[in-house]
Amino acid sequence: MNDPFRPWTDHLTLQNLLADWRPRYGGRPLFRVGVGSQWLRLHLEGEERAALWLTWLPGAQLVFATEGALPGAIRRALVPVKRHPLAGLLQDCTLEGAGMLPGDRVAALRLDRGPHDHFFLLHQMYGARGNTVLLDARGCLLWARHRPPTGLLAVPPPPATWTQGAADSPSSGGKEVSRLAFGHLISRLTVAHEQNYRSSLDRVRRSNERLVDNLQQDHEKAEKSEHYRRQAETLAAHLHEVRQGQDRLVVPDLRDGDPRDIALDPAQSPAANLDAWFRKARKAEKGREIIRERLDEARREAEKLDRATDRLEDISRSHDGEGEELADLLNDLLDWHAQHADLLPTRGGQATPTGRHGPDQPARPFRRYIIDDTFEVWVGRNNKENDELTHRASHSRDLWLHAQGVSGSHVILRTAGKPEAVPRAVLAKAAALAALNSKARHSSLVPVIYTERRYVRKPRKSPPGLATCLRDQSLFVEPGIHPGVRSI
């Protein structure tokens with residue numbers, strides 16, 4: 001979208017949007033709950049077929065409402081997860097409240113199942129991957145996409161959540177905000193599908209090229225079966241001339257009389273050398289036809305991949321990627337996938353979100369910061385928390401930071417598995433937090449080491465908080481909370 005206004009990133013706009021939901025959708029029962037790997041859809045009773053959406057696609061952590069039937073492309077792209085635990089937990093609920101947590105970009109929905117039985121659905125819309133959690137009235141964690149790193153998503157929302165914001169009239173801003181957010185979702189879905197198809201094709205193409213090269217080499221070897229057979233037959237005719245320990249034999253060919261140089265294994269007996277040459281000939285003769293068939297099949301597969309790639313390029317060029325064209329492009333991409341699914345690798349063994357983070361697992365108490373409204377940072381407050389943060393809570397591709405040469409907090413900069421995509425300015429702000437939470441906090445300039453968390457080790461039987469790095473880099477920063485960094 002070319003529209004510079006991005007309402008899903010503005011707290012006040014979102015606050016007004018959810019305030020608009022309270023009179024419009026409050027008191028309505030849920031008649032169906034759909035959950036996918038990257039989205040949640042709450043269907044509300046009513047003639048307009050309204051649905052509330054929470055999505056957590058990369059770049060599309062959204063809340064919005066839709067009314068009426070969805071475009072066919074969206075229904076095809078958003079495949080629900082069967083028997084998802086969240087759908088069972090929200091069954092027979094009624095929407096009783098909606099709002100944003102005060103001062104934070106976290107949407108909250110209150111869902112009642114009875115006079116004294118209600119849930120709180122919290123949807124975090126910042127950070128590299130966001131989060132969505134379901135709490136009961138006591139604050140027990142019933143389900144979460146990720147275990148909450150702090151207590152923010154582990155307590156029922158304050159009363160102000162349900163009263164803040166200015167509700168729009170039915171014909172004004174709320175629907176426009178949802179329309180823009182829904183368009184952004186379609187845009188991100190389209191980009192994600194196209195990138196996925198292109199990368200899958202590229203992987204299959206590289207694999208097929210390696211297969212063709214290997215089969216061509218095997219076929220060249222198999223084509224030497226006639227040569228191996230003549231070597232064996234010539235050696236058989238002159239076997240009486242071979243002496244133990246001899247490494248080669250030059251004798252005339254039985255068929256044309258030309259000299260034939262036959263390599264021998266000096267460690268083997270003459271008879272064993274003869275058997276080895278006949279085995280080599282039989283193996284080449286047997287594999288020649290099989291290899292030729294496989295090579296022809298691999299070449300046909302390469303032609304199919306070329307045609308599929310050309311068709312994908314044609315689809316991309318035929319749409320300008322704006323407005324309603326996005327839904328058409330997404331639909332064409334899904335059609336392309338249906339036609340070429342046999343060429344692409346199937347995704348097996350994907351884990352389905354099961355809500356394993358239950359009420360017996362409290363939220364982690366780390367300090368938490370957000371940098372430039374995008375990158376989340378965790379800071380340990382003591383040695384025990386440092387161990388938990390570094391060795392259990394963080395991802396292996398997150399960035400680990402620590403003030404060099406002094407004791408201090410372990411700091412984790414969340415990267416969503418892409419540390420190379422973290423801007424240098426963001427890294428410097430995270431390093432400043434590491435310097436601030438160390439014994440060098442009063443220095444004007446502090447060296448801070450950083451590395452991917454997978455290179456951090458805890459020595460055996462070492463005390464809590466001790467860690468070593470297999471590799472690291474360093475930068476000098478001024479301790480403090482720099483502009484663009486806020487505590488959450």
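Start with the contacts across the whole chain (contact means heavy atoms within 4.5 Å): of those with a separation of 6 or more, 61% join residues 24 or more positions apart. This is a predicted model, where local features need pLDDT of at least 70, side-chain atom pairs count only at pLDDT 80 or more, and totals for chains, interfaces and linings use all residues. Residues are numbered from 1 along each chain as its sequence is written, and side-chain values use heavy atoms, with hydrogens and water left out.

Keep everything selected and zoom out. The C-alpha trace spans about 105 × 60 × 40 Å along its principal axes. Colour by secondary structure and you get nine helices and 20 strands, which are DSSP runs numbered from the N terminus (helices are H or I, at least four residues; strands are E, at least two).

Now select helix H5, residues 225-237.

Next, jump to arginine 457, in strand E17 (residues 456-457). From alanine 237, 220 residues away along the chain, the C-alpha to C-alpha separation is 67 Å. Arginine 457 counts as partly exposed because its relative accessibility is 40%. Show what surrounds it: leaving aside neighbours within four places in sequence, arginine 457 touches His391, Ala467, Thr468 and Leu470.

Definitions and conventions
Expected span 1.5 Å × (residues − 1). Buried < 20%, exposed > 50% of the residue type's maximum accessible area, 1.4 Å probe, protein only.
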